[in-house]
Amino acid sequence: MRLLVTGGAGFIGANFVHATVRERDDVHVTVLDAFTYAGSRESLAPVADDVRLVEGDITDAALVEKLVAESDAVVHFAAETHVDNALADPEPFVRSNVLGTFTVLEAVRRNSVRLHHISTDEVYGDLPLGDPVRFTEATPYNPSSPYSSTKAASDMLVRAWVRSYGVAATLSNCSNNYGPYQHVEKFIPRQITNILTGRRPRLYGAGANVRDWIHVEDHNSAVWRILTDGTIGRTYLIGADGERDNLTVLRTILRLMDRSPDDFDHVTDRAGHDLRYAIDPSPLRDELGWTPSHTDFEAGLRDTIAWYRDNESWWAPLKEAVEARYRVREG
């Protein structure tokens, strides 16, 4: 298989490329990435000799057309993803997430190439705290932020291209990922690297917001299962039954790093902060036989802490700029 991975130098995409190179000798990988602040050549350094790396913008129609025409399948990770950045400046999110997905769709349509589109559970909005209900593929979209609304728009484009043009596409909406190579602006690596650099962790509001955590390797194994066995036109929700509130996650990190459970600062809550995300992944498990491997969250978190401790050269150049932006937002 000749596989094009858009956004393959970002967090989830880079881990997907690593796993593909490690586990699938018959797949030839081309990565398209714009190398914005969230994409890193260093994230692909361990597999640099095994992949073809193309620097370019996902909205560059001529470039995307050329790369898609040379491929048998496309896995579309490329997106702007950070909610805080979207609140500060939504324009790049509209451009990358909406126009970028349109550009990919037109290329796969013209070349009859298989597509898998990566999305987020945030398109469904949020759920009440303490309620047993979870998101399903039938849950109405109700995005809360500029980020999630642009991802919702991209999902709708994919579905329309499947129905109107017969594009061979599947979609997946995944819960919150954690693991190696995640940018230090995100919740878990920010807390880990704050501790590693002598800063106090920072928690929005009371930390009651609940997220459904999944290890990035489990997300990517599900993507491969959908790409190979999924039903065209279907949306699959990827989750690992990992609901935890942010305060619990932070205190687990503090404990694993030998810090007091109260050694953090509360900061003003994010505008429009979603209360709870929770995924019902039963169709993915029942129909495609997928199950997560990283079911011990604390063990996965311990391994993630060790990765950041051992790879300071990867994240240290990013840290100060991230904290400077947060100082402006958090006051």
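Colleague: What are the ground rules here?

Modeller: This is a predicted model, where local features need pLDDT of at least 70, side-chain atom pairs count only at pLDDT 80 or more, and totals for chains, interfaces and linings use all residues. Residues are numbered from 1 along each chain as its sequence is written, and side-chain values use heavy atoms, with hydrogens and water left out.

Colleague: In what order do the seven strands of the open sheet run?

Modeller: The order is S3-S2-S1-S4-S5-S6-S10, with parallel pairing. S3 and S10 (235-238) are the edge strands, each pairing on one side only. Strands here are DSSP runs (E, at least two residues), helices are H or I runs of at least four, and both are numbered from the N terminus. Two strands pair if DSSP finds at least two bridges between them.

Colleague: How many bridges link S4 to S1, and how many to S5?

Modeller: S1 (residues 2-6) and S4 (residues 73-76) pair over four bridges, and S4 and S5 (residues 114-120) also pair over four bridges. Val75 of S4 is the bridge partner of Val5, and its partner in S5 is His116. Leu4 has Val74 as its bridge partner in S4.

Colleague: Which way do the S4 side chains point?

Modeller: Ala73 and Val75 point one way, Val74 and His76 the other, and all are buried. Buried means under 20% relative accessible area, exposed over 50%, and partly exposed in between, with a 1.4 Å probe and protein chains only. In a regular strand the side chains alternate between the two faces of the sheet.

Colleague: Switching to H10. Which residues there are buried?

Modeller: Phe297, Gly300, Leu301, Thr304, Ile305, Trp307 and Tyr308 are buried. They lie on the same side of H10, because they cover an arc of only 160 degrees around the axis, taken from the directions from the helix axis to the C-beta atoms. On the other side, Asp303 and Asp310 are exposed.

Colleague: What covers the buried side?

Modeller: The cover of the buried H10 residues includes S7 (176-178), H6 (187-196), S9 (210-215), S11 (243-245), H8 (246-256) and H11 (312-330).

Colleague: Last one. Where is Ser43, and is it buried or exposed?

Modeller: Ser43 lies in the loop between S2 (28-33) and S3 (52-55). Ser43 is buried, at a relative accessible area of 1%.

Colleague: Which residues is Ser43 in contact with?

Modeller: Leaving aside neighbours within four places in sequence, Ser43 is in contact (heavy atoms within 4.5 Å) with Ala9, Ala14, His18, Tyr181 and Trp314.
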